[in-house]
Every structure is written in C-alpha cells, then in structure tokens.
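Look at the sequence and the 3D view before reading on.

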Amino acid sequence: TVFLILSLVVLPASAYDFDDIPEGVYQIDAKLSCYVNAMGGVEFGAPLLVSCRLDVLSDGSKTITLFFTKSQVTIYGITCDTFIDVSPAYVTENNGVESGTLGYYDADGTLITDGINYTLSDDTAENSRQEQVHYVDSLTFPIDYESDTYSLTLFVNSNVMGTQFTADGYAATLTVDWSSV
C-alpha cells in the first residue's frame, strides 16, 4: 500500500499591506455601484466602470484611477444611454452637491473635490437635450487609507435624465479587492 501525503502551503492573496505596497502601477479588481431603487431598481455604475488602476509613488502616496465608458440601461422597456457627465445641461444641487461634481469622501465622510483629475472621451454620448457631449472616461483621486469600499460623488447622465450620486442620497460606492494587488 502506498500513501501519498499532500502538503499545501497557503499564501495570502496579496503579499503587501496597504502601507507597504511598492512603487508602481497595479491593475486592481474593483466594482462601482450606483444603484437607484426607484424605477424598479436600476444599477447604473457597474456597466460604466471598465477598469481600475492603483498608482503608488516613490513617497508611498497613492491614487486610484477609474476608467469609464458609456453604457446603456433599460428602464420599463426604454433603453437609456448612460455616461458620467461633468457638465450636465441642467445644474441643480443634490444633498449640498452641485450636479456634475466629481469627488470622494474621506474616512471621516467629508467630501473632497481637491486633487481630483479626470479626462474626457474623444467619443460622445447624447444628453437629455439631444446634444452630443464628451463624457468622463477616467477619474483619478488620492487614497490614503485602506477600505473595502469608498464613497464617491459623480453625475450619471443619460439621453433621458441624470442624477448626482452622493453619500447622503443615491450612493456611488467603489468596492476594491485589495488582494488583487
């Protein structure tokens, strides 16, 4: 009789603690949820997020860059073209945040709009005035603490209507899988 002894070594999925990630650029698994429970419940964020990148500078500071596309959702049989817009045709205020604002909420829940960088697409999408607008195709913000989720503010627009997602209203939640670093 032959016995086979199997030994498994389990290594953590990520070899780095947040504060010890070496300088470099890393693709990181992430999901964006911009869920609206009205209209039968619609998830706007997930189809907009293409990928996520973590940049670690030589001083240890970090930024996250989200890459977006335009997408579509169907609400009660009507298909809407959706995109992230920094210059919506109708500017209002939602929970103290002006339409089109890009930002993130720090660990204390304070909205931060400084240090935000974004790029606009060469491509266009149609807004509710039937105007072709260049949509946000990347958003970069600094990150100084590790969390599984980060709250953002952004305006999801469409050819029908749009809304500003905020921490105090419809939430824009970025979920990050740090083990993918």
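Two salt bridges turn up when the whole structure is searched. The model is a predicted one. The points below take the salt bridges in turn, then the cavity, the pocket and the nonpolar patch.

**Salt bridges**

- R53 and D55 form a salt bridge through their side chains, with an N to O distance of 2.8 Å.
- D55 counts as buried, because its relative accessibility of 13% is under 20%.
- The other pair is D123 and K70, whose side chains meet at 3.2 Å, N to O.
- D123 is partly exposed at 35% relative accessibility, and K70 is partly exposed at 34%.

**The cavity**

- Rolling a probe the size of a water molecule over the atoms shows where empty space is left.
- One cavity of 30 Å³ or more is found in the whole structure.
- The largest cavity holds about 40 Å³ of space.
- Its lining consists of Y104, Y105, F141, P142, I143, D144, Y145 and Y150.
- Strands β10 (103-105) and β13 (132-143) are the elements that each give two or more residues to this lining.
- β13 provides the largest share of the cavity lining, with three residues.
- Sorted by class, the cavity lining has seven nonpolar residues, no polar ones and one charged residue.

**The largest pocket**

- The volume of the largest pocket is about 260 Å³.
- Its lining is made of 16 residues, and those nearest the centre of the pocket are M39, F44, I75, M161 and G162.
- Strands β7, β14 (149-158) and β15 (163-165) each contribute at least two residues to the pocket lining.
- The pocket lining has 11 nonpolar residues, five polar residues and no charged residues.

**The nonpolar patch**

- I78, V160 and M161 make a nonpolar surface patch of about 300 Å².
- M161 is also one of the residues nearest the centre of the largest pocket.
- I78 is part of strand β7 (residues 78-84), and β7 is one of the strands that supply at least two residues to the lining of the largest pocket.
- I78 is exposed, because its relative accessible area of 51% is over 50%.

Methods. Residues numbered from 1 in each chain as written. Predicted model: local features only at pLDDT ≥ 70, side-chain atom pairs only at ≥ 80, totals over all residues. Heavy atoms only, no water. Patch = residues over 30% accessible without salt bridge, like charges linked within 9 Å, V, L, I, M, F, W, Y side chains within 5 Å. Areas by Shrake-Rupley, 256 points an atom, 1.4 Å probe, with all protein chains shown as cover. Salt bridge = Lys/Arg side-chain N within 4 Å of Asp/Glu carboxyl O. Helix = DSSP H or I, 4+ residues; strand = E, 2+ residues; numbered from the N terminus. Buried < 20%, exposed > 50% of the residue type's maximum accessible area, 1.4 Å probe, protein only. 1 Å grid on protein atoms, 1.4 Å probe; cavity = no way out; pocket = protein on both sides within 12 Å on 5 of 7 lines; lining within 4 Å. Points joined across faces, edges and corners; volume = space filled by probe spheres on them. Nonpolar A, V, L, I, M, F, W, Y, C, P; charged D, E, K, R; others polar.
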